[in-house]
Amino acid sequence: MTQTHALPSLIDRLPTVRGSYKENAPLAPLTWFRVGGAADILFTPADADDLATFLAGCPDDIPVLVVGVGSNLLVRDGGIDGVVIRLGSGFTSIEKVDDTRMRAGCAVPDIMLAKAALDAGLTGLEFYRGIPGALGGALRMNAGAYGRETKDVLIEAEAVSRNGERVTLSNADFGYSYRHSEVADDLIFTSALFQAAPGDKDEIKARMDEITSSREDSQPIKSRTGGSTFKNPGGTNPDGPKAWKLIDAAGARGLKRGGAQVSEQHCNFLINTGDATGSDLEGLGEEVRARVKETSGIELQWEIKRVGREAQT
């Protein structure tokens, strides 16, 4: 008789950590779109040391993906292979370092950094009031709004590499351009230091209130959406082509596919109207891209990150 041996399960191959592992973890509740399949494993590290321990001990053949608050993320319906890392409370500290600088963990929502800077009487970070998401994603994609970008305020960031090495990156190390950085894909940011300046609290609050009103008036922020879907082809050039104008001119405002819809309020936003799948949203986005390409000759590039595998049929 031939004796067979069962292969170890994925979780049995992972290192011992102080944080938590969860198998077959639904990801839809963790994203703003509220769609997508499950992660094979969801890992929530206790702190940066725990994250480094995990990455150093995780076998190289196991895929690892970090997600933030899921505001700019579309998870496909088949879920995600390997380990999804979601930074938790161990990465949410915010402190005023001195009269010109703020330090924050990378699980801190962008809006909370803006509020903390207001409380500290520091100006220059008000634009984060208008950006959905957490600071880790803002660092990765050079998030910006209302005339400023992350590259304008970042001093340095702490990160952990795929082999568990702790590294410090300067602003210049990021190689920033419009909604893009050149840093290695496997780096997971843990905290960052930001440049600000002393300011008048009343003036800072007035600017943040202005940003809030502008977002509420122009964007479907109360819907299940993922923020701006496509990058502006003109980048930060105020006279360059805008994605929403190209989409509108292509007749795609209000376009639907399944439970997904192009927002009537701002047509560079996709919306889950209630029962959309990841496939509905991604398919609708590709249809919008095709229409814009046909009518303008411009090929829109996704700003929303799409991850995971297609559902098996």
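**Ground rules.** I number residues from 1 along each chain as its sequence is written, and side-chain values use heavy atoms, with hydrogens and water left out. Since the model is predicted, local features need pLDDT of at least 70 and side-chain atom pairs count only at pLDDT 80 or more, while totals for chains, interfaces and linings use all residues.

**Entry 1: helix H4.** I looked up H4, residues 201-218. Helices are DSSP runs of H or I with at least four residues, strands are E runs of at least two, and both are numbered from the N terminus. H4 has 18 residues and reaches 26 Å from its first C-alpha to its last, close to the 26 Å expected (1.5 Å times one less than the number of residues). At the N-terminal end, Asp200 is the cap: one of its side-chain oxygens sits 3.0 Å from the backbone nitrogen of Asp202.

**Entry 2: the two sides of H4.** Which residues of H4 are buried? I found Ile204, Met208, Ile211, Thr212 and Arg215 (buried is under 20% relative accessible area, exposed over 50%, partly exposed in between, with a 1.4 Å probe and protein chains only). The face turned away from them carries the exposed Asp202, Glu203 and Asp217.

**Entry 3: Arg289.** I placed Arg289 in helix H6, residues 278-296. Arg289 counts as buried because its relative accessibility is 15%. Beyond neighbours within four places in sequence, Arg289 is in contact (heavy atoms within 4.5 Å) with Phe230, Glu299, Leu300, Gln301 and Trp302.

Note on methods
Polar contact = N/O pair within 3.5 Å; in protein donor to acceptor, adjacent residues only side chain to side chain.
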